[in-house]
Amino acid sequence: MLGGGRIAPRFAADLERWGEAPALIGEGGGAISYRQLAGMADHFAAALPDDVKLLAIEARSRADAVVAYLGALRASVPVILHSGGAPAGSVLDHYRPDARYAPDGTDGDWCLRIAPTPWECPPHPQLALLLSTSGSTGSPKLVRLSATALDANARAIAAYLGLTAADRAVTSLPLSYSYGLSVLNSHLAVGASIVLTELSVADPVFRDLLQARGVTGLAGVPHSYELMERCGLLANLPASVATLTQAGGRMAKDLAARVAAEARRTRARLFIMYGQTEATARIAYLRPDLLSRYPDAIGQAIPSGEIWLEHESGARAAAGEPGELIYRGPNVMMGYASERRNMADPPGADVLRTGDLAVEIAPGIFRITGRKSRFVKLFGLRIGLDDLEARFREAGVEAFAAGDDTLVAIAAAAQADLDKAREALAPLDLPEDMFAFVPLPAIPRVPGGKVDYPAILRAGRAGKSQPAARNPIEAVEQLYRRLARGAPLAETDSFDSLSGDSLSYVQCSIAIEEALGEAPEGWETFPLARLRSLARAKTAPRSDTWRMMSLESDILVRSLAITQILFQHALNNMQGGADLLMMLSGFSWARFQQPRLVAGESGAAFLDFARRYMSIYLVIMLAVSAINGEVRWSHQFFISTFRGDWGGILNTYWFIESLTWCVAVICLVLAVAPVRKFAARQPLFFSLAFVGTALAIRLIGGLLLDAPAHVFRSPDQMLVYFAAGWAIAIAGRELRLALFAMLATLSAMAWGWNDTHVAAMIVAAGLIVFVRRIPMPRPVGRAVGAIAAASFYIYLFNIFPVYVTDIILHARFGKFWLLQIAASLALGIAASLLLSHADELWARVRAWIAPAGRRMHACWHLCRYWLQRGA
């Protein structure tokens, strides 16, 4: 299909060479051989009309995208690889490609949209690929890469990494990123295989994927390794992983040392690398054996490449002298494109001035010392400062950006411009901490009239050192810090990544509602940086106290369920709240603990549950036993519900026993590796199997055990509510309807259609199934949220108001049901607040005790000294 002097990279043209060897492997294990891949690529290319001279592909880590990319290369149709979203959309609108290939927005199927646009001059015959120079900012400036550059870079990487057909990579980085794409190209060049996934390295399932698919090489930017360390993957890499590579910015020395130590422990090779998109990804690499000797170096030039340093005068710098790093090699770009007509431009020289300052610390070994150009790298992202200013101009804002690899300062002469600049940056989802927004009386300029960017950066640093303005998500950060349990809080942390539970979810949801005006859909997956950007960009909140807020329906149901339980304990005529709470427990465990369970953390999840709730329950039981002078062993061993042992004040805790058994069941079931893998791959079918098993257990338990009230309270009977809640959290709308009908029928069979159990279950399950969010006045929402967040503590401490009102006061003064309910709510909410701040309170107590302890210790030593002298 090649013609007109066009060529394809050899790794794309020679796919058939590797025959039936696996090329692409899916998460589920399905493989596409090299022969099949070649056929699929040619089939895609055949669908491109002759007048398609530029193709845009959304570079998802999916076989569809890889097939289209290779098909276009084999047909010598230049490709723009992009990441999708608004920034990429503006680039595509600017260049008007003749065809676009991306997932359809409705059903997710990939769709080829062809809309040829006349060309003044067709693209240059050598042009193969266009990548963004600054993918984070959506700049229309693209790097033009030839087929020769792509192939040379792929083969150089394969050579210094020693890749063979036995190697297997994983798409741990986006294919629209030159580093991520180079992993694909270099493995295709040697007939190796690539596992396609869009899982984050922090996803608990990612490690299982590495192990199941026998991945041998893992690539990451510094932030990738931070995430791997935080989630435990770095310390628990599968034995198959033999090669680690890092690029995308300088890794902190301490992190690099820890990654290197883990690599040595597992006998994996760690390659530190350096490159730019303008060099098709790679310029230099540091051999693993040199890492301990030159820990902060970028290493040597890649095969077929050459590096040297130049002074500003153009003279070459001697060893040990700083200079701009210059690279020459066959992988250097053809040049930039800023307009459609630039596609036809001939290739430039094979020399790249990187804009980075470096020093040669040993013969052929280089270290980066600074950055000369108007690009910075923070959090592994390459940020074009000129591109940021272009965004500001498009928004009608006069603001300027200055920065280095630690901070970007945004300056404007008007506060309104600064606010608009902040809004213009919000869609990029960049970490808020990388910016300092500086209001200045006038923009500083040098005598020639140019903007004085160093002065802006100095002002930004000075502003950062001043006391910070009010943090709009301070309450959210405080809650996230408690979830982190002493670990440092990162801008990339989310509620999900911190393994939040149902009660903390309620607290965080309310805090985010307060900060943003409303909780956005899927906020639990948003990194802290994105929440901060959304809070900064939103308009000032209205001051009226009674403005509306909306809460998720399960939060309202949780609040109503615990309130109904209090009424039942006080008046004995409003049953059904415990059934609701059990269903909500299953709902919450599926929603918040499922990732941990399928990642093999069943033991840790159960211990967290025990630490938060069972420990308090055990203390209360010991206190009751001490008061009564009798130990109720059936309660101590959590078997009273099986025995029908309902006597005494501990009767109210049957729910805690049953819930503990239900939690233990799901933790034990998912501790079995085959079951865990099934649940991870087929969560819906696992949920249905769970409900079916719970129904069978309920039926068998009712037949075999004949204890009083057994049919209503024991774990084998309550498990079906827990399982149904789990399934409702996982299921789609149609299945939720079936589960709703099942719960209503079960409740009716157990209690009769005119019982409050049935009414409570129908109303509550109906709200969760049919209603997503419920609007209410803000004070009401805060009260509902406080009760829901403290629901388990209200249940645990309800025993004390019950004891005081029913046993002490009732005999003398009559029923105090309203006081009992109010006291239970107040005590539970207070306990929740106190326990959530336990770590902070303990730290304050230690800080208060420590000085006194040191003084006593000093006095003791002084007394002992005088006693010894007297002796």
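Leaving aside neighbours within four places in sequence, which residues is His82 in contact with? They are Ala56, Ile57, Glu58, Ala59, Ala88, Leu92 and Ser176. Contact here means heavy atoms within 4.5 Å.

Before you start: this is a predicted model, where local features need pLDDT of at least 70, side-chain atom pairs count only at pLDDT 80 or more, and totals for chains, interfaces and linings use all residues. Residues are numbered from 1 along each chain as its sequence is written, and side-chain values use heavy atoms, with hydrogens and water left out.

**Stop 1: His82**

Select residues 79-82. This is strand 4, and His82 is part of it. Helices (H or I, at least four residues) and strands (E, at least two) are DSSP runs, numbered from the N terminus. His82 counts as buried because its relative accessibility is 12%. Buried means under 20% relative accessible area, exposed over 50%, and partly exposed in between (1.4 Å probe, protein chains only). Now show Gly84. The His82 side chain reaches the backbone nitrogen of Gly84 at 3.0 Å.

**Stop 2: strand 8**

Select residues 142-146. Strand 8 is largely enclosed by the rest of the structure, because 5 of its 5 residues are buried.

Two strands pair if DSSP finds at least two bridges between them. Look for Leu131 opposite Val143.

**Stop 3: the largest cavity**

Select Leu161, Val183, His187, Ala219 and Thr245. Of the 20 residues lining the largest cavity, these lie nearest its centre. A cavity is a set of points, on a 1 Å grid over the protein atoms alone, where a 1.4 Å probe fits but cannot get out; lining residues have an atom within 4 Å of a point. The space inside is about 180 Å³, taken as that filled by probe spheres set on the points.

Colour helix 6 (178-188). Helix 6 gives the most to this lining, with 5 residues. Other elements supplying at least two residues each include helix 5 (147-161) and strand 12 (243-246).

**Last stop: the whole protein**

Zoom out. The protein has 32 helices and 27 strands. Buried residues make up 52% of its 871 residues. The structure holds 9 cavities of 30 Å³ or more.

Methods: A polar contact is a pair of N or O atoms within 3.5 Å; within protein, one must be able to donate a hydrogen and the other to accept it, and residues adjacent in sequence count only if both atoms are side-chain atoms. On a 1 Å grid over the protein atoms alone, a cavity is a set of points where a 1.4 Å probe fits but cannot get out, and a pocket is an open set with protein on both sides within 12 Å along at least five of seven lines; lining residues have an atom within 4 Å of a point.
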